[in-house]
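This report goes through a few local features of one chain. Please keep the sequence and the structure in view while reading.

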Amino acid sequence: MFVHSAESVFTIRAMTRIETIAVHGGRDDLAELGVHAPPIDLSTTYPVPDQALGGQALGDWAIGAAHATSPVYARLHNPTVARFEQALAALEHTETSVAFGSGMAAVTAVVQAACVMAQKPHVVAVRPLYGGTDHLLSSGLLGVTTTYVEAGLVASAIRPDTGLVVVETPANPNLDLVDIEHVVRQAGGVPVLVDNTFATPILQNPALHGATYVLHSGTKYLGGHGDVLGGVVACSEERAAALRQVRIITGAVLHPLGGYLLHRGLATLPLRVEAASRSAAVLADRLAEHDAVEFVRYPVASRQMRGTGAMIAFGVHGDPTEVVRRLKLVTPAVSLGSVDTLIEHPSALTHRLVPGEELRASGVPDNLLRISVGLEHVEDIWEDLSSALCDVDYVKPSPTDFLVMTASR
Ligand code: MET
């Protein structure tokens, strides 16, 4: 019942338009079940009257199989989560995907599969990355050491014991863009993980550019409503087997309710991304014209990225935290990709655990604010932002003052 037939997978693959895949992905067993919405299976255990057969299924899951005759136990497999995984894989143009309890659990599993299991304990990473990922890779907690390089210097950092290259594009928090194909070429066969959380599969499909693992914090755009925590890695069936093994052993599973909500979020993902991106483009232009704004970082569409997205980073003259404090509509909070517009100060929050010097060196100055544009009316967002910026007491610095300010940070 929980196994998707080869024929139904083909049906999804044959759909080429992303809006249609977003609505119908992972739902091909529903007609057979006679239901309209995917059932949420909350079972923690599954009866196995034939214990030998149950044991065989357990053995199959334990080696990372995609299917077995029974889920046996919720840590091994869950049909509601599997539907979300199938849908996300279709959107990312990969064979499959593996879901986790959070984005960080997903990153951890990739490092464990590509570095720890493969006994290649060296990682090459391009900064900036989400601060949590950076902290995980720097901490040594998983027994790996990490060399940080600029995107153009990845080849020079690869060693015989390098198990993984990690990039995020657009990068959290400053929206730096990385040429994925160039990084993949430089990696020379070492698996490349691309964090695609900011772009979403609607704007960018890293696997089509050679990425081995495509990671999402599903908590963000995929869920889309700020009410579900989850992570997912889209990849080949072969890579997924190791990730499932890690997930089973470590217990980093996504709860079925999370799987349901992430799956439901996918249906409206194209519309949400399109609407929020439209507003973000307007806001990025207006911010760039504002006297209180020093610079704006907003991606450009390219062959790799089909649109500009709904994330904006900008630097303010004066105290960035004061701007946040004065906002009345925009939500002052970490996270992104929700229906409401969110703003946060990366140096204080999302990137707090990255050493300040290193953060600044990777293009994240202390005056940078990050906005995730939501679905409110663009004029209401602008009214709130512009009045918060206007209210801030600042003296527009002369070039000399600016040098002094920079040096004192
Ligand atoms: C706990 S920090 C927040 C997490 C989230 N990944 C963000 O970038 O906003």
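Helices (H or I, at least four residues) and strands (E, at least two) are DSSP runs, numbered from the N terminus. The model is predicted: local features need pLDDT of at least 70, side-chain atom pairs count only at pLDDT 80 or more, and totals for chains, interfaces and linings use all residues. Residue numbers start from 1 along each chain as its sequence is written.

**Backbone features**

Proline 128 lies in the loop between β2 (122–126) and α7. The peptide bond that joins arginine 127 to proline 128 is cis, with omega near -5°. Another cis bond runs from threonine 169 to proline 170, with omega near -10°. Proline 170 is in the loop between β4 (162–168) and α9 (180–187).

Leucine 175 also lies in the loop between β4 and α9. Leucine 175 has a positive phi of about 65° although it is not a glycine. Valine 72, again not a glycine, has a positive phi of about 70°, and is placed in the loop between α4 (51–62) and α5 (79–92).

**Burial**

A residue is buried if 20 or more other C-beta atoms lie within 10 Å of its own, exposed if 12 or fewer, and partly exposed in between, with C-beta atoms placed from the backbone.

| Residue | C-beta neighbours within 10 Å | Class |
|---|---|---|
| Valine 72 | 23 | buried |
| Leucine 175 | 22 | buried |
| Glutamate 32 | 10 | exposed |

Glutamate 32 belongs to helix α3 (residues 30–33).

**Lysine 220**

The UniProt annotation "modified residue: N6-(pyridoxal phosphate)lysine", from an unreviewed entry, covers Lys220. UniProt positions are given in the numbering used here, feature names are shortened, and annotations may be inferred rather than shown by experiment. Lysine 220 sits in the loop between β6 (213–217) and β7 (231–235). Two residues are in contact if their C-beta atoms, placed from the backbone, lie within 7 Å. Leaving aside neighbours within four places in sequence, lysine 220 is in contact with Thr197, Ser335, Leu336 and Gly337.

**Helices α6 and α7**

Axes are lines fitted to C-alpha atoms, for helices over the stretch in contact, and angles run from 0 to 180 degrees between N-to-C directions. The axes of α6 (residues 103–117) and α7 (residues 131–139) come within 10 Å and cross at roughly 35°. Met104, Val107 and Thr108 of α6 make the contact with Gly132, Thr133 and Leu136 of α7.
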